[in-house]
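The sequence and structure come before the discussion.

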Amino acid sequence: MLVEYIPLFLVIAFAIVFAFGTVFSSKIFGPQRPNPEKLSTYESGVQPVGTTHERMSVKYYLVAMLFIIFDLEVIFVYPWAVQFKKLYLDPSVGTTAFYAMLIFLVVFEIGYLYVYKKGGFKWD
Amino acid sequence: MEILQIAVITLVKILIVVTLMLLTVSYLVYFERKISAWAQNRVGPNRVGPAGLLQPFADVFKLLLKEDIVPFAATKSIHTLAPMLALFVAFTTYAVIPIGPSVEIFGYKVDLVVADVNMGILYILALTSVGVYAITFSGWSSGSKYSLLGGVRSSAQMISYEISMGFSIAGVLLFAESLRPVAIVNAQSGLMWNAFVQPIGFITFVVAAFAETNRLPFDLPEAEPELVGGYHTEYSSMKFAGFFLAEYANMIIASAMIITLYLGGWQVPYIEKLGLPDYAVVLIQVTAFFVKMGVLLFFIIWVRWSLPRFRYDQLMDLGWKVMFPLSLLNLIWVAILIMIMN
């Protein structure tokens with residue numbers, strides 16, 4: 001069982017080495033001649049004004065929160081999706097497998113409609 | 001002993017796949033430039049080597065010999081970490097995508113997939129979520145306003161489309177009854193390709209894949225006219241190359257995902273009825289996988305040169321108000337279809 005995960009660990013180890021190697025190879029091959037002009041951030045050729053670490057609009061965080069809520073529902077759907085055919089063909093469960101998920105999705109859709117009505121999906 | 005054998009076979013596979021991917025990425029860039037030139041009535045790269053065929057190598061060496069500039073305003077550690085993360089994601093996701101059925105080579109049974117795990121789809125979803133961090137980190141840590149805006153836009157866009165992507169995949173799982181990519185491909189034998197069975201899910205997945213790879217018409221994170229280079233404005237040398245490589249590798253992975261989930265993977269309908277020898281069948285199937293991939297990659301480039309870019313609110317509207325309900329509808333449709341068929 002765990003044996004089939006060995007290739008995955010190897011792939012991950014290889015990717016880490018590859019990523020490090022690629023990013024640091026320019027340290028070896030590229031020149032290093034920094035000067036203040038070169039190291040200032042790009043702002044259409046003028047002196048950069050202010051900092052970038054300012055407050056973002058709260059709407060941006062709202063998207064993140066909505067994502068967490070709705071993405072969790074996806075994870076609830078997966079185990080059901082994998083088992084659905086088996087459950088449906090099992091005479092003791094039958095169509096209940098379908099209606100149970102339908103009720104779950106309807107409850108979920110009510111939340112979606114609430115956010116919609118409250119203007120959670122207005123981006124301007 | 002068995003573990004050692006697995007490790008050796010895996011390392012060989014990793015080397016082959018990574019080499020193939022790096023070559024494909026280089027030539028994908030070349031073909032993108034050639035196709036865009038063709039679409040705009042230009043010639044495209046034609047100086048380095050015959051018909052410009054050595055251009056990708058010239059580009060790589062140029063980037064390798066450039067100075068690595070880290071701006072004063074940047075948070076250095078995260079600035080360095082971001083391209084590594086992008087590369088890490090791009091070069092781990094290929095592991096679970098099968099390019100052919102298992103074959104016998106010198107008496108060993110070899111699967112034409114690097115890691116045949118039972119949670120392959122979850123693995124891909126988890127890694128694509130990590131990909132969002134690469135872009136957010138690069139935008140935040142660069143200390144440039146363009147980078148910040150690009151990073152913010154990109155993370156909002158990617159998480160919005162991830163939901164419809166997740167629900168479309170649930171439709172595929174209903175048929176396959178497994179999270180194992182090989183099982184998903186096997187469930188699509190004959191003409192039971194998911195693209196035909198659940199066209200709505202296919203469309204939502206393809207659109208989400210475009211959004212996840214930040215390709216036009218969803219390339220707001222790096223919309224050149226307004227955000228210069230977007231999240232990688234402040235990157236140079238191999239760090240820039242890392243993002244560039246990751247972007248194109250992600251295109252390849254996205255098309256491989258579309259093929260595995262919706263276009264029958266390596267399957268060619270009814271090939272077993274022709275009575276060909278086993279090795280010929282496998283050869284045709286692996287070729288079929290790459291042909292499908294070529295067609296999809298051409299499609300992605302074609303779309304880039306045919307469609308204009310979305311406005312930000314249109315993009316979010318499409319994700320939350322159109323794609324998300326459609327993918328839910330698809331899920332219910334597939335469940336009903338399974339109940340009718342049984």
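Predicted model: local features only at pLDDT ≥ 70, side-chain atom pairs only at ≥ 80, totals over all residues.

Because Asp68(B) lies in the loop between α2 and α3 of chain B and Lys239(B) in helix α10 (residues 237-262) of chain B, the pair ties together parts that are 171 residues apart in sequence. Helices here are DSSP runs of H or I with at least four residues, numbered from the N terminus.

Asp68(B) also takes part in a salt bridge with Lys27(A), in which the closest N and O atoms are 3.0 Å apart. This pair crosses between chains, from helix α1 (residues 6-29) of chain A, where Lys27(A) sits, to the loop between α2 (55-64) and α3 (76-90) of chain B, which holds Asp68(B). Through shared partners, salt bridges join Lys27(A), Asp68(B) and Lys239(B) into one network. Asp68(B) is buried at a relative accessible area of 5% and Lys239(B) is buried at 2%, whereas Lys27(A) is partly exposed at 37%; buried means under 20% relative accessible area, exposed over 50% and partly exposed in between, computed with a 1.4 Å probe on protein chains only.

A search of the whole structure finds nine salt bridges over all chains, and one of them is formed by Arg215(B) and Glu32(B), whose closest N and O atoms are 2.8 Å apart. The pair links distant parts of the chain, 183 residues apart, with Arg215(B) in the loop between α8 (199-212) and α9 (224-227) of chain B and Glu32(B) in helix α1 (residues 2-39) of chain B. Arg215(B) counts as buried at 2% relative accessibility, and Glu32(B) counts as buried at 3%.

Leaving aside residues up to four places away in sequence, Glu32(B) touches Arg215(B), Tyr248(B), Ile301(B), Arg304(B) and Trp305(B), where contact means heavy atoms within 4.5 Å.

## The helix contact between chains

The axes of α1(A) and α10(B) come within 6 Å and cross at roughly 140°; axes are lines fitted to C-alpha atoms, for helices over the stretch in contact, and angles run from 0 to 180 degrees between N-to-C directions.

On the side of α1(A), the contact is made by Phe18(A), Thr22(A), Val23(A), Ser25(A) and Ser26(A), and on the side of α10(B) by Ser237(B), Met238(B), Lys239(B) and Leu245(B). These residues divide into four nonpolar, four polar and one charged, with Ala, Val, Leu, Ile, Met, Phe, Trp, Tyr, Cys and Pro counted as nonpolar, Asp, Glu, Lys and Arg as charged, and the others, Gly among them, as polar.

## The layout of chain A

The domain assignment of chain A gives domain 1 (2-39) and domain 2 (58-117), with bounds that come from an automatic or database assignment. Taken over C-alpha atoms, the centres of domain 1 and domain 2 of chain A are separated by 39 Å.

Val46(A) is placed in the loop between α2 (36-39) and α3 (58-89) of chain A and counts as exposed at 53% relative accessibility. The C-alpha atoms of Val46(A) and Ser92(A), 46 residues apart along the chain, are separated by 73 Å.

## Conventions

Residues are numbered from 1 along each chain as its sequence is written, while chains are lettered from A and ligands numbered from 1 in the order in which they are written. Local features need pLDDT of at least 70 and side-chain atom pairs count only at pLDDT 80 or more, whereas totals for chains, interfaces and linings use all residues, and side-chain values use heavy atoms, with hydrogens and water left out.

Technical notes: Salt bridge = Lys/Arg side-chain N within 4 Å of Asp/Glu carboxyl O. Helix = DSSP H or I, 4+ residues; strand = E, 2+ residues; numbered from the N terminus.
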